[in-house]
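Load the model in your viewer and keep the selection panel open. The stops below cover charged pairs and then nonpolar cores.

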Amino acid sequence: MSLKKQIDDKLNGALKAKDKNTYPTLRLVVSAIKDAEIAARSKDKKEIKDSDIISLLKKMIKQRNESCEVYEKAGRTELLENEKKEIAVISLFLPKQLSEEDTKKICQEIIKTVGATSMKDMGKVMGVLKSKHADTLDFSKVSSIIKGLLKWAWNILKNTSKK
């Protein structure tokens, strides 16, 4: 079943159950998907893919996280709680993110595969990670992990070349 269909089904269920915490958020999601479909039609695409919907959902979560920071600084707890509820609802439709430990293992494997030895190679590593693990990795964490691993590799290479 497509992701769009899952969201529509969840919206219908929430409306029938009169779940006031869920259906307003799902209506926003459906509206955003329809907007994306309209934009895609103007570019001669027939239908929006699940990967496009996933990136749309991630963007929506990012917006809400930014709002959470602002509301927290302003002491607006009611608005903060509302944003957190929306994040929880939207997150239901995203693939589960890997843990930091698993992310680090994948990063180490890709660094070895690519043969990355310095920060100059970070773009290569990120490119491979995005092509293979775009949906399962949190790239805000990936960047710092790769930087740490490449600095570690660079220090080892530097120390072995001095001997």
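Is Lys-105 buried, partly exposed or exposed? With a relative accessible area of 43%, Lys-105 is partly exposed. Keep in mind that this is a predicted model.

Glu-101 counts as exposed, at 55% relative accessibility.

Next, select Arg-64 and Glu-86. Their side chains form a salt bridge at 2.6 Å, N to O. Arg-64 belongs to helix H3 and Glu-86 to helix H4, so this pair ties together parts 22 residues apart in sequence. Arg-64 is buried, at 10% relative accessible area, and Glu-86 is also buried, at 11%.

Move to Asp-121 and Lys-124, a salt bridge whose closest N and O atoms are 3.7 Å apart. Asp-121 is buried, with a relative accessible area of 12%. The whole structure holds five salt bridges.

Now show the largest nonpolar core, which has 23 residues. Those touching the most other members include Leu-3, Ile-7, Leu-26 and Ile-53. Helices H1 (3-17), H2 (23-42), H3 (50-74) and H4 (77-91) each give two or more residues to this core; the largest share, seven residues, comes from H3.

Centre on Ile-7. Leaving aside residues up to four places away in sequence, Ile-7 touches Leu-26, Val-29, Val-30, Ile-33, Ile-53, Leu-57 and Phe-93.

Last, select Ile-111, Met-122, Phe-139 and Leu-149, which are among the 16 residues of another core, apart from the largest one.

Key: Residues numbered from 1 in each chain as written. Predicted model: local features only at pLDDT ≥ 70, side-chain atom pairs only at ≥ 80, totals over all residues. Heavy atoms only, no water. Core = buried A, V, L, I, M, F, W, Y, C linked by side-chain atoms within 4.5 Å. Buried < 20%, exposed > 50% of the residue type's maximum accessible area, 1.4 Å probe, protein only. Helix = DSSP H or I, 4+ residues; strand = E, 2+ residues; numbered from the N terminus. Contact = heavy atoms within 4.5 Å. Salt bridge = Lys/Arg side-chain N within 4 Å of Asp/Glu carboxyl O.
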